[in-house]
Amino acid sequence: MTQPILVAQGLTKSYGTTRALDDIILTLFPGESVAIMGPSGSGKTTLMHCLSGILVPDTGSVQLNIGDSDSIDLPTLSEEHRARVRRDHLGFVFQEGLLLPELTAQENAALPLMLSGVSRSTAQHHARQWLSTLGLDGMFERRLGELSGGQVQRVAIARAQVAEPAVVFADEPTGALDSETSKTVLTALLNTTVGQGRSLVLVTHDEDVAARCQRLIHVRDGRLVSDSADTAGVNR
Ligand SMILES: Nc1ncnc2c1ncn2[C@@H]1O[C@H](COP(=O)(O)OP(=O)(O)OP(=O)(O)O)[C@@H](O)[C@H]1O
């Protein structure tokens with residue numbers, strides 16, 4: 001029986017009087033791709049942020065089985081320790097904010113490794129390999145303003161993958177792209193995560209994107225209302 005990479009139990013989170021998450025239970029296995037869907041305001045982003053240690057839930061645990069260490073419970077860690085776990089073991093493809101427009105594609109993709117203490121030349125070597133895998137040969141030295149939306153998204157994927165994280169979290173990774181580019185970017189994202197035995201959790205409103213993930217979870221009013229893994233008879 002495969003050991004799960006992440007086990008979340010009893011997650012709740014409120015903002016003032018808004019209950020954004022209500023007793024969420026979720027288990028994620030290595031090599032799984034999971035799409036989280038649900039209406040606007042249903043708690044998808046809050047869930048992803050709690051699962052990835054960006055937010056601390058009000059109650060509940062998020063056990064991660066990563067590296068050589070025993071499992072760790074993200075909400076119990078200090079802010080600094082959570083940041084270190086995110087940096088060393090988790091990858092993020094978010095629409096807002098993570099890429100720096102004043103840096104080149106290569107520098108952006110190399111950043112997580114450099115922040116982990118890897119030398120600039122080694123980090124940039126790995127960054128170039130990922131950019132190349134993602135079809136961005138010849139664009140390493142371009143700044144983000146000199147790339148198309150789909151190319152920028154692929155730089156974001158390279159950045160998320162460069163430290164080879166156990167789990168990649170993606171929030172609407174293809175949201176701003178036309179459908180053809182969206183397909184290409186999603187293929188790249190799946191190949192570089194699930195294709196290499198790592199896990200992918202993505203939030204999407206797009207049924208076509210969700211259909212390409214192995215597992216589909218629906219969230220409504222902060223509750224997990226369906227999980228295709230429960231009905232697929234998956235033998236884990
Ligand atoms: N920082 C915050 N302060 C107060 N309320 C918040 C905050 N962040 C989220 N909320 C509320 O919590 C609920 C869940 O928000 P969340 O962003 O998780 O939903 P979502 O499903 O990701 O929505 P969308 O699809 O529109 O991005 C919503 O009612 C939202 O208004």
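A: Helices (H or I, at least four residues) and strands (E, at least two) are DSSP runs, numbered from the N terminus. Residues are numbered from 1 along each chain as its sequence is written. This is a predicted model, in which local features need pLDDT of at least 70, side-chain atom pairs count only at pLDDT 80 or more, and totals for chains, interfaces and linings use all residues.

Q: Which strand and which helix each supply at least two residues of the shell around the ligand?
A: They are strand 2 (18-28) and helix 1 (44-51). Helix 1 gives the most, with three residues.

Q: Which residues are around the ligand?
A: Y15, T18, A20, G38, S40, G41, S42, G43, K44, T45 and T46 are around the ligand. A residue counts as near a molecule if its C-beta atom, placed from the backbone, lies within 6 Å of it.

Q: How does the shell divide into nonpolar, polar and charged?
A: Two residues are nonpolar, eight polar and one charged. Here Ala, Val, Leu, Ile, Met, Phe, Trp, Tyr, Cys and Pro count as nonpolar, Asp, Glu, Lys and Arg as charged, and the others, Gly among them, as polar.

Q: Is helix 1 mostly covered or mostly open?
A: Helix 1 is mostly covered, with six of its eight residues buried. A residue is buried if 20 or more other C-beta atoms lie within 10 Å of its own, exposed if 12 or fewer, and partly exposed in between, with C-beta atoms placed from the backbone. The buried ones are K44, T46, L47, M48, C50 and L51.

Q: What follows helix 1?
A: G53 follows helix 1, and its phi is positive, near 75°.

Q: Changing topic, why is strand 7 largely enclosed?
A: Strand 7 (residues 167-171) is largely enclosed by the rest of the structure because five of its five residues are buried. V167, F169 and D171 point one way, while V168 and A170 point the other way. In a regular strand the side chains alternate between the two faces of the sheet.

Q: What joins strand 7 to strand 8?
A: Five bridges join strand 7 to strand 8 (residues 199-203), and the two run parallel. Two strands pair if DSSP finds at least two bridges between them. D171 has V203 in strand 8 as its bridge partner.

Q: And strand 6?
A: Strand 6 (residues 90-93) is joined to strand 7 by four bridges, also in a parallel arrangement. The bridge partner of V93 in strand 7 is A170.
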